[in-house]
Amino acid sequence: MRTEAYGAVDEAISSLGSARAQVKDRGRHAIILRIQSELFTVGAELATDAAEYGKLEAHFMVVTPEFTQRLEAEIAGLERRFPLPDAFVIPGGTPAAAELDVARTVVRRAERRIVALQQAGQLHNAEVLRYVNRLSDLVFMLARAEEGSAVKPLSGRRAARTPRVPARTPPAPKRRLRA
């Protein structure tokens, strides 16, 4: 379970690297690079057994509420500059945004693995889960910022409460038998 969690974080680091390689904006590039570095800290915490956590804390950085607060401030700043559409966003507006959307789903997978650790009583620092939860929201906003005004984001329709009845399929034409 622990290996699944820090393995998913490692995938997120690589996926964010792929996205960062596409991003041209220096500010967003720097945010992604910092996030990748912070995810190494997350991975180290997840890889450390509870009995060894004191040693980790004494010699290395651990995830703190300041990590999460920084993400929240960045999310708020992006939301002010790039308002969200009223419906679901369909990924793929630009290559960089598409890469960020993939990275976001990898971060969400890591979050699910961390939740499993927490439920099993194996997550020593609850801030790790809060951080990763907010991180996926930041990556979503980075993708929307990458799309910016360059493209009109495609958005899906909201599902209707009652599905429409499909149109009746016309019967196949009758074939004449040859004599």
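Predicted model: local features only at pLDDT ≥ 70, side-chain atom pairs only at ≥ 80, totals over all residues.

Reply: Residues count from 1 along each chain as its sequence is written, and side-chain values use heavy atoms, without hydrogens and water.

Me: How is a pair of aromatic rings described?

Reply: By the distance of the centres and the angle of the planes. Rings of Phe, Tyr and Trp (its six-membered ring) pair if their centres lie within 6.5 Å; planes under 30 degrees apart are stacked, over 60 edge-to-face, the rest tilted. The structure holds one such pair. F67 sits in helix 4 (residues 65-81) and Y131 in helix 6, 64 residues apart. Helices are DSSP runs of H or I, at least four residues, numbered from the N terminus.

Me: Is F67 buried or exposed?

Reply: Buried means under 20% relative accessible area, exposed over 50%, partly exposed in between (1.4 Å probe, protein chains only). F67 is buried, at 6%. Y131 is buried too, at 0%.

Me: Which residue lies over the face of F67?

Reply: The test wants NZ of Lys or CZ of Arg within 6 Å of the ring centre and within 35 degrees of the ring normal. R70 lies over F67, 5.6 Å from the ring centre. R144 lies over F140, at 4.7 Å.

Me: Where does L123 lie?

Reply: In the loop between helix 5 (95-119) and helix 6 (127-147). L123 counts as buried because its relative accessibility is 17%.

Note on methods:
Helix = DSSP H or I, 4+ residues; strand = E, 2+ residues; numbered from the N terminus.
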